[in-house]
Amino acid sequence: MQEGRRIPLGKVVLVTGVARRLGGRLVRRIQRDPTVDRVLAVDTVEPDHDLGDAEFVRADIRHPTVGRVLIENAVDTVVHMDVTGTPLGPRASRASLKETNVIGTMQLLGACQKAPSVERLVVKSSTNVYGSAPRDPAVFTETTVPRRLPSGGFAKDTVEVEGYVRGFARRRPDVAVAVLRFANILGPGADTPLAEYFALPVLPTVLGYDPRLQFVHEDDVIDVLMLAAGKPRKGHLNSGTFNIAGDGVLLLSQCARRLGRPTAPTLLPAVTWIGSALRSVGMTDFAPEQIRLLTHGRVVDTRQMREVLGFAPGYTTTQTFCDFAGSLGPGLLPPDQVGRAVDALAARLGLGRIAGTAADHHDSATKERTHG
Amino acid sequence: MADAKVIPFDDDRARGTGPRRRTTGRKRPAADAGAQAARQQPAESPLSAVQEASGDPEAPDEAEAETEAQEGGGPGLLDRLLGGDWDRKAAHGLSFLRRRLTGDYEVDEFGYDGELTDQVLMPLFRPLYEKYFRVEVKGIENIPDTGGALVVCNHSGTLPWDGLMLQVAVHDHHPADRTLRLLGADLVFKLPVINELARKGGHTLACSEDAQRLLERGEVTGVMPEGFKGLGKPFSERYKLQRFGRGGFVSTALKAKAPIVPCSIVGAEEIYPMIGNAKTVARLLGFPYFPVTPTFPWLGPLGAVPLPTKWTIQFGEPIPTDGYPPEAAEDPMLMFNLTDQVRETIQHTLYKLLVQRRSVFF
């Protein structure tokens, strides 16, 4: 996105949660913006990645000290990235994560409220706020109220965080507030719980359910955060709540086949046991909301993102997944080998034409689809 | 002209020799080859008896030559066993398999898997539709060729076979190859396996958000406003339409400016004559009702086989909704009137079809 660079940002930008990959990438990207004078990168631990010329401020957003940082540096744009579902480092617990998510946001918003220089606030949220349930509409819009609110975990954190952000927006109507609800973020080397799940050699799935999933690419995440942190484009508005997701939908079964990883359909209670077993050996985090996502799936509407925010993602859900799959390494049943096996079977039956027919058929099928 | 004569004879012969040949015999290229060969070597025919019976001098020659062509050319055995175009079918099947196994297909935001529906789900239900319930479709042209439309239909039969048959009817008979997207009860999307198949078959939850989204996308959307009240009503109340919910479907159609197509299904009421309702069992299992029929649950799974009734599906004249102002969707009186109009149309068509019906099974 070349336009992203032309949008003038505020002079001093503060980014939280920079010890994570995504936060670090955003910090490096903001520095390339010529209109930004200073970037303050805040986190509790020193990041292992390079932050460029950004000033790293070791501060805990759960403590009021962050308010002093805001006022002393006359920060005008705050990008709150420290709302995540995965603990940073192996020793961090879920309880401390929740505290960073919820208490951290409360403190940060309190500090922002007292800092008159703040003009713009961008919060990284997640489509987890909608939960996953069979009784909800198939596609969530920003205004959809889920029939059952998430009862715990990261999903509940995001609901609470968004509640505090709405309260802040009421108290400081002069601040432009953008809440970006990201679908599952994937990309080469992504470190989200879902990416860890897809890295398992055999994917445990819930028997009798094939959830619809949506992904957003890391590059698009950075682009849209830049767009939300800058001045709005002409004819567009970059404050409000927006769903951010790549176009299209993939089913879990499709994902597994594209990865070449066999699935192990399991009864729902057994999935919970397997999840806790895997968690205890530290392989992956099977949080309850993750199991719900892998049971019922979740798809969001992105019309607001396109029409109001004026953002068009560079990757579709499928392209995002392909990019991610390429970084994972082959599974036990790589799709190209499976395809070759079917071709070999066809050749043995004397059906040399299969490749051609397959291509023809696929073409006509896509044509039909686009036509419909 | 020649075609018209060949086909009945060929059918005759096929019935004698085995059902697999039937498809081969009907194929034009094979018949052409046969005709060519026949010109080269006419004379004595082993099927002269049939020749006399059919009274057509050309036909038997053709048939005879065709038999020769089948036995003589190519890998005859496979052809004979699997039908003439077996290789094309196998190649098609394998390319389908290849796409499924590598995940190379698309679904829409509701999870509708068009390829799976066309290649697997529809062929699965088609025998039931054509041979078992022998569904007769009337007025399919009332569903518009383009744009959204809301098909409103009566619901009956204890298990929602009527929805599936309605889907096959639209899929197989509509001239513009439209797909019906049904709105199902939340129970459908709670049950394992069923929810997966329902989503892949193009159905979604019955809620105004999904209905409106489908209609705005220009899909033919099907709704059965009676819901469980209609599906699980006792046999004694057959063909009596139940209350149409709160009529939310009318306001959704109005908002999307999609025409409403009333639809009446006759025959589904008798597939499981529900003479009782085991409410305690239903409550234990979390179902809205637990049917007791003369065969179920007494015969176990065998009791779940529906009776082979003869069905008629009649689509009525579409009711336009684009003439109303946008605020009309909030007008309760208009909603009641339109709901009643749709309901009356379906009920009257049901009575009309019942009068025309000769018997439940034929």
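Two strands count as paired if DSSP finds at least two bridges between them. Strands here are DSSP runs of E of at least two residues, helices are runs of H or I of at least four, and both are numbered from the N terminus. This is a predicted model, so local features need pLDDT of at least 70 and side-chain atom pairs count only at pLDDT 80 or more, while totals for chains, interfaces and linings use all residues. Residues are numbered from 1 along each chain as its sequence is written, and chains are lettered from A in the order in which they are written.

**View 1. The open sheet of chain A.** Seven strands line up as β3-β2-β1-β4-β5-β6-β11, with parallel pairing. At the edges sit β3 (55–58) and β11 (240–244), each pairing on one side only.

**View 2. Strands β5 and β6 of chain A.** Seven bridges join β5 (residues 120–126) to β6 (residues 176–182) in the parallel sense. Look for A:Lys124, which stands opposite A:Leu180 in β6(A).

**View 3. The buried side of helix α2 in chain A.** In α2 (residues 21–31), the buried residues are A:Leu22, A:Gly23, A:Gly24, A:Leu26, A:Val27 and A:Ile30. Buried means 20 or more other C-beta atoms within 10 Å of the residue's own, with C-beta atoms placed from the backbone. These residues pack against β1 (12–16), β2 (38–43), β4 (77–80) and α7 (218–229) of chain A.

**View 4. Where chain B touches chain A.** The contact takes 33 residues from each of chain B and chain A, a contact being two such C-beta atoms within 7 Å. On the chain B side, α7(B) gives the most, with 10 residues.

Conventions: A residue is buried if 20 or more other C-beta atoms lie within 10 Å of its own, exposed if 12 or fewer, and partly exposed in between; C-beta atoms are placed from the backbone.
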